[in-house]
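Student: I would like to learn how to read a few features in a model. Could you take me through them?

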Amino acid sequence: MRLKERIIKYVRSKGIGAESIRYIIVGVLTTVINYAMFELMQGVIGIDVTVSNVASISVSILFAYITNKHIVFRRHSDSLGALALEFLKFVASRLFTMALEVGIVYLFHNVLGYSARLFKLIALVFVIVVNYILSKVIVFSEKK
């Protein structure tokens with residue numbers, strides 16, 4: 001059995017659906033955009049850690065909304081009002097997790113003196129899980 005077939009068999013045996021796989025792929029891309037922009041601003045240009053963090057998260061939120069809506073959850077908005085409400089719920093949920101992420105990085109870097117890069121990565125893993133739950137349950141939930 002080829003590697004690709006073994007991976008597909010494993011994923012199916014664990015009950016991981018196509019939506020979850022799409023979320024993981026989009027989540028990785030969103031994380032790469034977030035972290036690359038953070039590194040560019042903070043590491044290369046030398047912009048303040050918190051400013052770099054907020055800016056990189058903001059750009060990744062916009063990317064995440066578009067890709068989650070169209071690729072992951074495959075939702076269509078019936079009206080401009082529904083689209084606006086969905087976008088506001090998405091941004092509100094991401095602002096909540098942005099506060100968590102910024103708080104984690106600030107606490108461990110500015111207060112405790114640990115590496116901003118290390119705790120940015122640790123915070124990102126936590127935030128990915130929370131974002132999926134909020135997107136699935138609140139933002140892109142199926143209408144009954």
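Predicted model: local features only at pLDDT ≥ 70, side-chain atom pairs only at ≥ 80, totals over all residues.

Student: How many cavities of 30 Å³ or more does the structure hold?
Tutor: First the idea. On a 1 Å grid over the protein atoms alone, a cavity is a set of points where a 1.4 Å probe fits but cannot get out; lining residues have an atom within 4 Å of a point. Grid points are joined across faces, edges and corners, and the volume is the space filled by probe spheres set on the points. Here there is one cavity of 30 Å³ or more. The largest cavity has a volume of about 190 Å³. It is lined by 19 residues, and Thr30, Ser60, Arg94, Val127 and Asn131 are the closest to its centre.

Student: Which helix gives the most to that lining?
Tutor: Helices are DSSP runs (H or I, at least four residues), numbered from the N terminus. H2 gives the most, with six residues. H2, H3, H4 and H5 each supply at least two.

Student: How does the lining of the largest cavity divide by residue type?
Tutor: Ala, Val, Leu, Ile, Met, Phe, Trp, Tyr, Cys and Pro count as nonpolar, Asp, Glu, Lys and Arg as charged, and the others, Gly among them, as polar. The lining of the largest cavity has nine nonpolar, eight polar and two charged residues.

Student: How many aromatic pairs are there?
Tutor: Rings of Phe, Tyr and Trp (its six-membered ring) pair if their centres lie within 6.5 Å; planes under 30 degrees apart count as stacked, over 60 as edge-to-face and the rest as tilted. The count here is 11 aromatic pairs.

Student: Why is the pair of Tyr65 and Phe87 called edge-to-face?
Tutor: Because the planes stand at 80°, with the ring centres 4.9 Å apart. Tyr65 is in helix H3 (residues 49–72) and Phe87 in helix H4 (residues 80–111), 22 residues apart.

Student: Is Tyr65 buried or exposed?
Tutor: Buried means under 20% relative accessible area, exposed over 50%, partly exposed in between (1.4 Å probe, protein chains only). Tyr65 has 6%, so it is buried. Phe87 is partly exposed at 32%.

Student: What sort of pair do Phe73 and Tyr132 form?
Tutor: A stacked one, 6.2 Å centre to centre with 25° between the planes. Phe73 lies in the loop between H3 and H4 and Tyr132 in helix H5 (residues 116–139), so the pair ties together parts 59 residues apart in sequence. Phe73 is buried at 2%, while Tyr132 is partly exposed at 21%. Ring pairs link both into a cluster that also includes Tyr65 and Phe87.

Student: Where does Arg74 lie?
Tutor: In the loop between H3 and H4. Arg74 has a positive phi of about 50° although it is not a glycine. At 57% relative accessibility, Arg74 is exposed.

Student: What does Gln42 contact?
Tutor: Contact means heavy atoms within 4.5 Å. Leaving aside neighbours within four places in sequence, Gln42 is in contact with Ile47, Val49, Ser52 and Arg117. Gln42 lies in helix H2 (residues 18–45) and is buried at 19%.

Methods: Residues numbered from 1 in each chain as written. Heavy atoms only, no water. 1 Å grid on protein atoms, 1.4 Å probe; cavity = no way out; pocket = protein on both sides within 12 Å on 5 of 7 lines; lining within 4 Å.
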